[in-house]
Amino acid sequence: MQPLIQTLKYTKNLWRYYAGVTIFAILSALASLAVPYVIKLATDAVVATAKGQPADYMYIIWLAIALFAADVAGTLFANWGGYLGDIMAAKMKKQLSEHYYQHLLRLPQSYYDQELTGTIINRLNRTIFEVTQFLNTFANNFFSMLLTVVIVLVVLFFYSWEIALLVLVLYPSFLWLTTLTSKSWQKYQNAKNLETDIASGRFAEVVAQIKVVKSFVQEKLELGHFERRFQNTVDITYKQSKQWHNNDVIRRLVLNVIFFAIFVFIFLKTLSGRFTVGDMVFIIQLMALVRMPIFGMSFIVDQTQRAIAGCRDYFEVMSLEPNIQDAKNTPTMKIKKGAIEFNEVNFEYKEGEPVLNDISFTVEPGSKAALVGESGEGKTTITNLLLRMYTATSGAITIDGVNVVDVKQRSLRENIAVVFQDPALFSGTIRENIAYAMPEASDEQVIKAAKAANAHDFITKLKGGYDAEIGERGLKLSGGQKQRLAIARALLKDAPILILDEATSSLDSRAEVQVQEALERLMKNRTTIIIAHRLSTIAHVDKLITIKNGTVDETGSPLELAKTGGIYAQLLELQMGASETAKKQLKAFEIAS
Ligand SMILES: Nc1ncnc2c1ncn2[C@@H]1O[C@H](COP(=O)(O)OP(=O)(O)OP(=O)(O)O)[C@@H](O)[C@H]1O
Ligand SMILES: [Mg+2]
C-alpha cells in the first residue's frame, strides 16, 4: 500500500479530483442502497394488502417513482464520478510521465550506458499505465463498492447485529487470506515484469537496427530471444495463477460457509416473525450488494498489486539521484578565451578498469589541437569528460582556469559545440535538425550553416529541400550527408569551443576538402579539439596530443612529432605507405589494362 499512498501524495495537487470522485462515490453508494430500501417498502405494502389491508395505489406508485429516481440518480452520480475519474487518471498520467521524463533527462550518461532504451521506455509505460489504470477503475468502481459495503454494514447493525457481525468478520478474514498469497503473487509479478522489460528493450534495439539483423540473417535468433522471455512469463504465470486460484477456492469456501450461515439466519428469523417479508427482501438485497465486492475482490487485489508493483518500479527510478548534480548556487560558466587544460586526469567507466591515466595537456585559446591515438585509447572519453558527461575520478579539467565541475552543467555545454563520432540526428526535417541548438534560427542562419558544412547543395536536391523528413536518426540520408548535417548543426550553435570527433570520416576526399575549408573558417578564433584517424585532416593543427595506453605520450606540432618516431610518425608512415602502395597498385592496373 505504501507505494500507492506515496503516489497519491506525489500527485496531491489533484486533490480536487480526489475529493470530487469521493463525493460522487458516496452519492452513488447511497443511491444504490435506496433501491433495495424502496423495494422493501413496496414488499411490505404488497404483503399487507395480501393480508387484507386496503390497497394504497398512490403509495405504491410513489414508491415506483422513487425507485426510478434512485436509479436515475445512481446513473448520473456514477457518470459524473466516472468523468472526474477519467480526467483525474489522464492528468495523473500526464504528471507522472512528465516527471519521469524530466527525471530521466537529469540522469547522467552512465545511467543510459547500463540500460536498454526499450527497457527504459517499457518501464515508463507499464508502471504509469498500471498505476493510472488502477486509480481510474478504483475511482469509477471499487471505491463506491467499498463505500456501499460500509453503509450496508451500518444499516445491517440496525436490523440485526448478528448478520452485521458475520459480514464484519467476512472482510478481514477474506483480506487476510488474500494477503497470504499476495506476497508471492507480487514476487512472481516482479519477475514477469522484468522479463517483459528486457524483451521490450531488445525489441526496440532490433527495430532500430533492423538492417544489421537482416544482413546477418538473425531474425530467427532475435525472435528466439523474444519468445524465450515471453515463454518465461508464461512459465511464471502457471505457478502464479495456480497458487492464486488454489487459494481463491479456499477463500471462497470460507465465504460460502459464512453466507450459508447468514441465509439460514435470515430465513429462520423471518419465519419466526422477527423480520417482515420486506425486511427479508431488503437484507437479501443488501447481501447481494456486499457479495459483489467480495467475489470481485481477487480482481481488485490483482489490480491493486499490479499498481503497487508499478508504483514501486516508478519510484525506484525516481529515487535515483544523478551522481552529477549542480549545487544550488553553482556559478554559470562564462568563457572569455577558451583555454582548456587537463591536469593529471584519471578516469574509469567501471571501477577497477581505468581508461585514462594521468592525462595532462593544454589547448591554447583559439588554437586547434588534435588527439591522436589508436582506436579505443580514450579520445572520445576525453571529450566526454570535457562535456562533463562523466566526472573524472581524479585530476582537474579547466576552461579559462575554471574547473568544469564547479559550473552549471548547462552553461558548460552551452559553450561547447560537438560533432559526434556518430552523427546522431533526430527524426524530423533537415531544418529542425540543423537548428537543434537554436530552434528560433532564421532560414538565412540555417542555410548559412548548411552552406558552410557543404550540405546546401545536396539538401536543395532532395525532394522537400530543407523541409525533407530524414527518418529516424536520419536513416534516409547517406553517412556523409548525415555527417554534414551534424557539422551544420554544430556550426549553428556558434560556441567558443568546438569538438570534432571524426567529423569528416564518412566524407569522400573531395567533400572532405570542401568541408575542411568550411571548418577552417569556423575554427578561427575558437578553441578546437579535433579527433581524426585520417592524418591529412589534422596536418594543419597547432598542436598534436598523442595518446598511448590511456595517457599522453607526446605533444607538439605535427612537424615536430613527424620526426620523433612516436605514434604520429608511425601512423604517418603507415598512411603514406598505404597511399604509396595504392599508387603502385593503380599503376600496375593501368599497365595491365
Ligand atoms: N560508456 C562506456 N562504458 C564503459 N566503457 C566504455 C564506455 N565508452 C567507452 N568505453 C571504453 O573506454 C575505452 C576508450 O573508449 P573511447 O571511445 O574513448 O575510445 P576512442 O579513443 O575514442 O576510440 P575510437 O578511435 O575507436 O573512437 C574503450 O576501451 C572502451 O571500451
Ligand atoms: Mg572515439
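This is a predicted model: local features need pLDDT of at least 70, side-chain atom pairs count only at pLDDT 80 or more; totals for chains, interfaces and linings use all residues.
Local features need pLDDT of at least 70 and side-chain atom pairs pLDDT 80 or more, while totals for chains, interfaces and linings use all residues. Residues are numbered from 1 along each chain as its sequence is written, and side-chain values use heavy atoms, without hydrogens and water.

Let's start with the whole protein. It has 19 helices and 10 strands (DSSP runs: H or I of at least four residues, E of at least two). Its radius of gyration, taken over C-alpha atoms, is 36 Å, well over the 25 Å that the globule rule gives for 593 residues, so the protein is more spread out than a compact globule. That rule is 2.2 Å times the number of residues to the power 0.38. The C-alpha trace spans about 125 × 60 × 50 Å along its principal axes.

Where do the two meet? In domain 1, 5 residues are in contact with 4 residues of domain 2, meaning heavy atoms within 4.5 Å. About 330 Å² is buried between the domains, 47% of it from carbon and sulfur atoms; buried area is the accessible area (1.4 Å probe) lost when two parts are put together, summed over both. Gln 109, Asp 113 and Ala 208 supply 80% of the area that domain 1 buries against domain 2. Helix H4 (residues 109-114) gives the largest share of the touching side of domain 1, with 3 residues.

Conventions: Chains are lettered from A and ligands numbered from 1 in the order in which they are written.
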